[in-house]
Amino acid sequence: MDPPESNTTHINNSFNSSSRRRNRNRCNKWENYLFVAVLLQSVALIVLFEKFQGNAEDKLKHPQELQSNIRNLENSHLLKDDTPHYHTTSSSSFTVDILSVASINQLDLLHAQQSTIATHKSVRNFFNATEIDDADPDCHIDITMQHVESVSKFCRKRRNVVSPVLRYLRSQYARTQWLGKKKNPTGWLCAQVRPYSGLRKAQSHYLQTGQELPDYLLIFDDDTYYNMEKFQMNFASVDSSIEKVYSGCLVRSPIQTINFTFPFGGFGSILSKGALVRLFGKNQCPGLDGTNDSLINNGSDYISIEEKESLSTGDSSSAFCGRLKENNVGELKYFTNGMSLVDLIYRYSSTERYRDVNRWTHDSGFCMHSDWVLGYFVNYYNVSTHVAEPYYKNVPHARLESYKGSEIYKRPTGFCRNDSTCEKDTEICHRATPEWMEMETKRWKLMAPDKFK
């Protein structure tokens, strides 16, 4: 209720002193009410701010509570199954699983993705990977700028690096000057291993629940937006059993220097069911000293070494053991028989901790950006079929496809231009805000309400 209005027409000398005292008391009474109301409102705003913005110290004091909140984001979209192993038989519905590479410092983005992208009926599981999932979960707490600079300086040295692939990649490793300009350089460094903690989490889910592999698994950052209705329109009729990995924005290295491509992580990667079979399949490479290198794993069976020559023509067979023996980026020492390619990638990226940089040697350390890791293993371990462009027909490791021609070579093309500027009806946008995700999804829910949960 509002305070009573004063009636100026009745203010005259006829009021006695008692009336004036009553008016003063009445005014003081409403001033007190107003003060209390403002105080309560201020307290409420502080509480809401701390609830949604978060406090770094509280996150460190209550990691279990934070972990529970993050798990709830996943559990609301995880389907449970009691079958003891995953299977790949086709279902009648089009299914997509999502892995969001996120951070505990910006959970508002993760919540926005869950309430927008994950509400499309095609989306079945919504996985996430944060600092809690890292092999070194305290990396973001303990790592200092000195560690960051030491890692950069170590990785840019190439004196004892023999592999042309690794020599080139290490020459491109983030410089200290570039890292120093980033908002959170230590957080960036620790996040380089995170996609593969998340991918291993997804693998564990399929193995433990026996849930059928999705038609497609999308891996992208927590500030990435995918229009899932348009995605389904484009991919629902495509045979997902074919091994394909697409990049929402493909980065192509100078062709005259090296034929190497990798996905710009912020725009996401699209992995078909066939590619997931390659990634999750168990591998046996007995010997690796040349005695049994006539065996090559093609994802399920073994083929003869003579068939390796057919890879340049687009054969879908994978020369896993032969490539492993080449040891292009130092991955061989992390392999044990019976592990999947995802297991190898996880061990390769997570064994050497950044905090131990001062103990790294010429044959140890982790000197890859996260995007390079996926680019290398998809291309060189033939997770995807050969690209269709005739120009690359003689490059056996040309496997990663760009989605609708979206590439960065001399200049960005296609979706690569959707960086920070998100237009309505776009299929993919990087650095989208939570507000824009909500607004765009609301538009599409009004246009196609039956396509959302």
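Reader: Let's start with one residue. Is Asn327 buried, exposed or partly exposed?
Author: This is a predicted model, so the values are computed from it. Asn327 has a relative accessible area of 29%, so Asn327 is partly exposed.
Reader: Where does Asn327 lie?
Author: Asn327 sits in the loop between helix H13 (320-326) and H14. Its phi is positive, about 55°, although Asn327 is not a glycine.
Reader: What about Asn382, what phi does that one have?
Author: Asn382 has a positive phi of about 55°, and Asn382 is not a glycine either. The loop that holds Asn382 runs between helix H15 (370-380) and strand E11 (401-402).
Reader: And is Asn382 buried or exposed?
Author: Asn382 is buried, with a relative accessible area of 2%.
Reader: Back to H14. At what angle do the axes of H12 and H14 cross?
Author: They cross at roughly 65°, and the axes of helix H12 (residues 273-280) and helix H14 (residues 341-350) come within 5 Å.
Reader: Which residues meet there?
Author: From H12 there are Arg278, Leu279 and Phe280, and from H14 there are Leu341, Val342 and Ile345. By class, this contact has 5 nonpolar residues, no polar ones and 1 charged residue.
Reader: New topic, helix H6. How many residues has H6?
Author: H6 (residues 145-156) has 12 residues. From its first C-alpha to its last, H6 reaches 17 Å, close to the expected 16 Å.
Reader: Which residues of H6 are buried?
Author: His147, Val148, Val151, Ser152, Phe154, Cys155 and Arg156 are the buried residues of H6.
Reader: What do they pack against?
Author: Four helices: H5 (139-142), H7 (164-171), H8 (176-180) and H9 (185-190).
Reader: Now the aromatics. How many aromatic pairs does the whole structure have?
Author: A search of the whole structure gives 30 aromatic pairs. Take Tyr354 and Trp360: their ring centres are 6.3 Å apart and their planes stand at 50°, so the pair is tilted.
Reader: Are Tyr354 and Trp360 buried or exposed?
Author: Tyr354 and Trp360 are both buried. Both also belong to a cluster linked by ring pairs, which includes Phe154.
Reader: Why is the pair of Tyr391 and Tyr392 edge-to-face?
Author: Their planes are at 80°, and over 60 degrees counts as edge-to-face. The centres of the Tyr391 and Tyr392 rings are 5.0 Å apart.
Reader: Which of the two is buried and which is exposed?
Author: Tyr391 is exposed, with a relative accessible area of 61%, whereas Tyr392 counts as buried at 8%.
Reader: Strands next. Which way do the residues of E8 point?
Author: In strand E8 (residues 269-272), Ser269 and Leu271 point one way, while Ile270 and Ser272 point the other way. All of them are buried.
Reader: What does E8 pair with?
Author: Strand E3 (residues 216-221) pairs with E8 in the antiparallel sense over 4 bridges, and Leu217 has Leu271 of E8 as its bridge partner. Strand E5 (residues 245-247) is also antiparallel to E8, joined by 3 bridges. Tyr246 has Ile270 as its partner in E8.
Reader: Last one. In what order do the strands of the E7-E6-E12 sheet stand, and why do E7 and E12 each have a side without a neighbour?
Author: The order is E7-E6-E12, in an open sheet of 3 strands with mixed pairing. E7 (261-263) and E12 (407-408) stand at the edges with a single partner strand each, so one side of each has no neighbour in the sheet. E6 (residues 250-252) and E7 run antiparallel and are joined by 3 bridges, and the partner of Leu250 in E7 is Pro263.

Methods:
Residues are numbered from 1 along each chain as its sequence is written. This is a predicted model: local features need pLDDT of at least 70, side-chain atom pairs count only at pLDDT 80 or more; totals for chains, interfaces and linings use all residues. Side-chain values use heavy atoms; hydrogens and water are left out. Helices (H or I, at least four residues) and strands (E, at least two) are DSSP runs, numbered from the N terminus. The expected span of a helix is 1.5 Å times one less than its number of residues. Buried means under 20% relative accessible area, exposed over 50%, partly exposed in between (1.4 Å probe, protein chains only). Contact means heavy atoms within 4.5 Å. Two strands pair if DSSP finds at least two bridges between them. Rings of Phe, Tyr and Trp (its six-membered ring) pair if their centres lie within 6.5 Å; planes under 30 degrees apart count as stacked, over 60 as edge-to-face and the rest as tilted. Axes are lines fitted to C-alpha atoms, for helices over the stretch in contact, and angles run from 0 to 180 degrees between N-to-C directions. Ala, Val, Leu, Ile, Met, Phe, Trp, Tyr, Cys and Pro count as nonpolar, Asp, Glu, Lys and Arg as charged, and the others, Gly among them, as polar.
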